[in-house]
Amino acid sequence: MANVVVVGAQWGDEGKGKLVDWLSERADVVARFQGGHNAGHTLVIDGVTYKLSLLPSGIVRPGKLSIIGNGVVIDPWALGDEIDRLVSQGVDVTPDNLRIAENAVLILPLHRELDGMREVAAGAGKIGTTGRGIGPAYEDKTGRRAIRVYDLKNQATLDAKIERLLAHHNALRRGLGEAEVDGRALREELLAIAPRILPFMDTTWGLLDDARRQQKRVLFEGAQGIMLDIDHGTYPFVTSSNTVAAQAATGSGVGPDMLNYVLGIAKAYTTRVGSGPFPSELFDETGEKLGERGREFGTVTGRKRRCGWFDAVMVRQAIKTAGISGIALTKLDVLDGFEEIKVCTGYKLDGETIERLPAGQGAQARVEPVFSSFEGWSDTTAGARSWAELPAQAVKYVRQIEELIDCPIALLSTSPEREDTILMRDPFEDQVR
């Protein structure tokens, strides 16, 4: 039995939540391995909408163990609010079905504040972060001054850790003309939130090793998208963690031999939130129509997403850098009724045709899309649950996408509802259906 890694193959917001939820029915454990509460998943189950940020999508499935791995940065106050919200919707969230890595890094109020200060100071050059402190928390992790989950339990060493942290942050705040952080007040905040978080703390890499030994199925859940990867994305307009599939091993404490199948999620068109290059972006009525029909607003921030045609060059590049085995194509129904559908099949850079997104920021900004046109379809794909229910032209479009990205389409999603999914290749078995 295979373990499956789910990653976004574009700039995030591809519909990973629904697919992870759909796949989690057949998994025993769902493990989140990177990112923070800047990511958002919307699940629609029996007409009820659940909005998740930190919690793995498997949390809404009874009998599944959800794990927040060491690669995730955790805002304990945001996590507490998210748990309360789900409990109010009738979802059980207890240490029986949720465990948090003891070595995961905490996002503190000072991280959120620094995020906002930097964006304001950057002016027109801002990156477009969500302002939730993700980047500063990862910086402290790399700088070896972070407060981790286990530190909430070991109060004897907490003072020294806070002092080390503030030696860095207060110097930054002085430079930005902001008031310094009071270490005693921060300590009290941490001690106050500790009882909400510590009951869930565990040695999660050990739990995953036990799952491996017992031949249980593990679903590894990523956040954001591969083109937001700190190394392989559109730097510097990226997130502060690695979003590629390889991070599933590092960010959850398992060996790469546990990662058997990588499922990449991609929309049938393209969206992006925040600043940064977007070669296939549309600035006309078609772009507005895609946004309206696709309800393209961020789950976490509510920000309107930029919209454009499917970018086969970018997705093909993401497939190679993340080792994607198959693609789940989502929101196919948004394209219903378009007489003509375009796909970005190449780029032009300074008059030269290229088939990759260059690494340089200036070069990325100058890239121009090369579009190919395809015939649309008038019949609906919404709610289709089998290949036979799709219009012939929609089938042709999917097959053409497969050829352009050089990767099989494993699943199709035709609405936000969990059951409106067409399975063509089983990621857990890697068998053609």
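Trp309 is buried in this predicted model, with a relative accessible area of 6%. The search of the whole structure finds 3 aromatic pairs, and one of them joins Trp309 to Phe338 in an edge-to-face arrangement, with 5.8 Å centre to centre and 75° between the planes. Trp309 sits in the loop between β13 (306–308) and β14 (310–311), and Phe338 in the loop between β15 (326–330) and β16 (340–349), so this contact ties together parts that are 29 residues apart in sequence. Phe338 also counts as buried, at 7% relative accessibility. The ring of Phe338 has a further neighbour: Lys289 lies over its face, at 4.5 Å from the ring centre.

Another aromatic pair is formed by Trp377 and Tyr397. Its geometry is tilted, with 5.8 Å centre to centre and 55° between the planes. Trp377 belongs to the loop between β18 (368–375) and α12 (392–405), while Tyr397 is in helix α12, so the pair ties together parts that are 20 residues apart in sequence. Trp377 is buried, at a relative accessible area of 5%, and Tyr397 is buried too, at 1%.

The two pairs are set out below.

| Pair | Arrangement | Centre to centre | Angle between planes |
|---|---|---|---|
| Trp309 and Phe338 | edge-to-face | 5.8 Å | 75° |
| Trp377 and Tyr397 | tilted | 5.8 Å | 55° |

The cysteines come next. The structure holds 0 disulfides. For Cys344, the nearest cysteine sulfur is that of Cys307, 16 Å away, and Cys344 is in no disulfide. Cys344 is buried, with a relative accessible area of 0%. For Cys407, the closest cysteine sulfur is in Cys344, at 18 Å, which is too far for a bond, because a disulfide needs the sulfur atoms within 2.5 Å. Cys407 is buried as well, with a relative accessible area of 5%.

Strand β19 covers residues 409–413. In β19, 5 of the 5 residues are buried, so the strand is largely enclosed by the rest of the structure. It pairs with β15 in the parallel sense over 3 bridges, and Ile409 of β19 is the bridge partner of Ile327. Strand β19 is also joined by 3 bridges to β20 (residues 421–423), and these two strands run antiparallel. There, Leu411 has Leu423 in β20 as its bridge partner.

Technical notes. Residues are numbered from 1 along each chain as its sequence is written. This is a predicted model: local features need pLDDT of at least 70, side-chain atom pairs count only at pLDDT 80 or more; totals for chains, interfaces and linings use all residues. Side-chain values use heavy atoms; hydrogens and water are left out. Rings of Phe, Tyr and Trp (its six-membered ring) pair if their centres lie within 6.5 Å; planes under 30 degrees apart count as stacked, over 60 as edge-to-face and the rest as tilted. Helices (H or I, at least four residues) and strands (E, at least two) are DSSP runs, numbered from the N terminus. Buried means under 20% relative accessible area, exposed over 50%, partly exposed in between (1.4 Å probe, protein chains only). A charge sits over a ring if NZ of Lys or CZ of Arg is within 6 Å of the ring centre and within 35 degrees of the ring normal. Two strands pair if DSSP finds at least two bridges between them.
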